Structures are given as structure tokens and as C-alpha cells.
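Subject: Structure handover

Hello,

Please find the structure below. My notes on it follow.

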Amino acid sequence: MIYLDYNATTPLDGRVLDKMMPYLRDYYGNPSAIYKIAKKPKEAIAWACDNIAELISSSPAELIFTSGGTESNNTALFGVAFSHKDKGKHIIISKIEHSAILEPAKFLEELGFKVTYIDVDNYGVIELNRLRDSICEDTVLVSVMYANNEVGTVQPIKEISDICRQHGVYFHVDAVAAVGKLDINVKELGIDLLSISAHKFYGPKGVGVLYVGEAVALSSFIRGGHQQDGRRAGTENVAGIVGLGQAAKIALEESARDSKRIVGLRDKLEEGIKKKISDVKVNGHPLKRLYNTCNIYINHVESESVLMNLDLEEICASAGSACATGNTNPSHVLLAMGISSVAARGSIRFSLGKFTKDQDIDRVLDVLPGIVKKLRQMSPL
Ligand SMILES: Cc1ncc(COP(=O)(O)O)c(C=O)c1O
């Protein structure tokens, strides 16, 4: 089986699993308890916190563990919106955000908040002038993703944060698709809140982090016990947090090296497709793009049919966000980039990772042209 859907989720790194196992099997004590067997889990959480803080250059005290990217994003939006509603009820997001931002934003609108959706250009880069012009007295938060999970376009994060600083507005970044791939320094970049999910960089599913800068007032979103200093109630997912901490450690040590190999494979795939198949076009920014992501439009085919045929060849790719599977609408990201709905329906995402091999790319380049040829012969398009 050839797995080329790393932006949907990544396989667990064996070293992450090894690190987690004792916390599933042996060290079961509740980290909030005062007896001796709570000590190991408590220390493990602190160890994980240190690794994640190092990965994004924050302080460990600025991290809140969550159940993943979706909860981190919800907490950022609701937390800032609710605690600053007396200052203003306006937030700004981009049109190409993941549904884990779009849906909580929609819910805020139902609650009487105003949301502005900023346009992007043809490469998927946010229009800074529109952002600047949209900020008003009532604005409390701007939320823009670091890199887009569908096309890989990386946003001008520092420029956006400068605009937010000038206007005294908080800046949240959904960095789920970028963490573990790109160097992120929240202090240098002027980021106030940042979402992370473990399963996008070889950690386990169901665990994530929200970085909240020490100056940011945030009302609790999940209420209950006094865990994590009352910022997020609920007994910590100790094994998951340890896995996330180990994934962060590995990313710190190895991701720069892995990225060089992966970008070579991605470019080989892209060049190969362009050479072997006529009428194709890469979506997203040619340079400012995640090094593992290739989103490509293949004219005169429907992506669903291509994906089903690839699956028959034991190759996993996707048509965009996994969270949009089952939704027959064309990708909102591609549409926002000015791509026609026909072209959006003919676009496929290959996302590579550290377990991708040279032979995997050769195999895709062997079978894909035949699949496209067959589908084009059958297609009414
Ligand atoms: C950009 C982005 N944000 C948020 C999420 C949601 O993260 P999780 O699956 O951990 O809830 C995803 C997952 O696909 C994503 O790609």
C-alpha cells in the first residue's frame, strides 16, 4: 500500500508509540492526585510541555493540552470572543480556513458576533490590504492558518501579525498543517494563539495543544475540574500528551533533514505528472508552499473517479480535506482561489511524508497516466 495522504493524518512513529506504552500500561495514576503514583504522569506531562515549548519557542506555561486541532481552534475563537465581548464582537478569518475554524466562526455569528471572511489571491495567499481595511473598533481577533492543508500555501504570518499589533487585535494561527514541517517561533512571529495537532506529525490522534501567549486573556471553554490551572477541565490524556511530546522532540531533531528528501520526491512527482499527462496544473503557490504537498488539477477527469482507481492500485491520495469527505461540493479553498468548480472537481491532493519512498513515486507515475487516459476516454467532460 502506498500512502500519500499525510495531510489527512500521519502514521504513528514507532518511537512515539514506545514512549507512550508505559503510560497506557503501567503509570495509570491520575496526574492531579497527590500520592506517589501520580508523580510519573505529572512529570511526563511537564516533559512533553518542555518539548512542545521548544518546538515553537514558547514558554511551557503558555500551553494548554486539548483533544486536537479542532478543540484548539474552537477554544481560541470562543475563548477570545467571549472574554473580550465588551470590547467588541467582530472577528476576522480567511476564506480558506479549515472547517474547524469556519464552523465555530459560523456559530459565533449565530450568537450575534460579526465575522469578516478575507479573500485570497489565485495562489491562496491572504490579501493583506483587505485584512487591514476590515479591522475596526469592534475587532478583537484575526485568525489565519499558517499553511493550507489542501494546497499547502504558506501565509505571510509576520506581516499579518504586524497588522494585528498595530491595531491592538489578537492573532490566532491554525498551525495544524505546518507544525512539524516548518520552523515556528511564536515570539518572533508575534503570534498570540496557535493550534497544534499531534496526528499531523507522527503523533497519536485525539491530542493537541493551544499555545496562548501569557498576555492573552482567554475564558475557559471546557469547564469542570481544575486541571491545567483551570484553563481546560478534564483529566489529561497522559499517554497522548507524552506521544505529542515525543513527536515534537523528533520533529525538532529530524524534520529539517526529512524535508530535503521529501521536497525532492514531491517535485519528482509533480514534474513526472506534468510530463506524462497533458493538461494539468498545480494549485497553490509555486514557492511559498508546504514541501510535502502537491495539489494538481487534471483536466477532463473527476477527482473521485481518479481516487477510486488509485485505491484499486493500493494508492491513497485525496481530493482535499478529509473532513470534507462525503461533502460533494467542490473545495471551498480552490473556489476561493478563483478556480472554477469544474477544475476544483478535477483536482487531487498528494501529500507526502517521511515514510514515502522513491519507489512509491515511481509507482504513482506508472499507474496514474493510464488511469487518466481511461477516464478521459469514458468522460463526457
Ligand atoms: C488545518 C487544519 N486545522 C484543523 C484540523 C483539525 O485537527 P484535528 O483532526 O486534530 O481535530 C485539521 C485536520 O485536518 C487541519 O488540517
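H172 sits in strand β6, which covers residues 170-174. This is a predicted model. Is H172 buried or exposed? H172 has 30 C-beta neighbours inside 10 Å, so it counts as buried; the cut-off for buried is 20 or more. Apart from neighbours within four places in sequence, H172 contacts A76, L141, S143, D192 and L193. A44 is another matter. A44 and H172 are 128 residues apart along the chain, and their C-alpha atoms are separated by 27 Å.

**The sheet around β6**

β6 belongs to an open sheet of seven strands. The order is β2-β8-β7-β6-β5-β3-β4, and the pairing is mixed. Which strands stand at the edges? They are β2 (63-66) and β4 (114-118). Each has a single partner strand, so one side of each is left without a neighbour in the sheet. On average, neighbouring strands of this sheet are turned by 20° against each other, direction ignored.

Now the β5 side of β6. Strand β5 spans residues 139-145 and pairs with β6 in the parallel sense, over five bridges. Within this pair, V144 stands opposite V173 of β6.

Two helices to look at here:

- Helix α4 (residues 99-110) packs on the sheet and touches β3 (90-94), β4, β5 and β6. The direction of α4 makes about 155° with that of β3.
- Helix α6 (residues 157-167) also packs on the sheet, where it touches β5 and β6. The direction of α6 makes about 155° with that of β6.

**Strand β12**

Strand β12 runs over residues 347-351 and is mostly covered, with five of its five residues buried. Side chains in a regular strand alternate between the two faces of the sheet. How are the faces of β12 covered? S347, R349 and S351 lie on one side, I348 and F350 on the other, and all are buried.

β12 pairs with strand β10 (residues 293-298). The sense is antiparallel, over five bridges. I296 has I348 of β12 as its bridge partner.

**A helix pair**

Two packed helices are described by the angle between their axes and the distance between the axes. Take helix α9 (residues 303-312) and helix α12 (residues 358-378): their axes come within 10 Å and cross at roughly 135°. That angle makes α9 oblique to α12. From α9, the contact is made by S305, V306, N309 and L310. From α12, the contact is made by I371, V372 and L375. The crossing of α9 past α12 is right-handed.

**The chain as a whole**

The chain holds 12 helices and 12 strands. Its C-alpha trace spans about 70 × 55 × 35 Å along the principal axes. What radius of gyration would a compact globule with 381 residues have? It would be near 21 Å; the chain has 21 Å, which agrees. Of the 381 residues, 49% are buried. Among contacts between residues at least 6 apart in sequence, 73% join residues at least 24 apart.

Best regards

Technical notes
Residues numbered from 1 in each chain as written. Predicted model: local features only at pLDDT ≥ 70, side-chain atom pairs only at ≥ 80, totals over all residues. Helix = DSSP H or I, 4+ residues; strand = E, 2+ residues; numbered from the N terminus. Rg over C-alpha atoms; globule rule 2.2 N^0.38 Å. Buried ≥ 20, exposed ≤ 12 C-beta atoms within 10 Å, placed from the backbone. Contact = placed C-beta atoms within 7 Å. Pairing = 2+ DSSP bridges. Axes fitted to C-alpha atoms, helices over the stretch in contact; angles between N-to-C directions. Parallel < 35°, antiparallel > 145°, perpendicular 65-115°, else oblique. Left-handed = near helix turned anticlockwise from the far one by under 90°.
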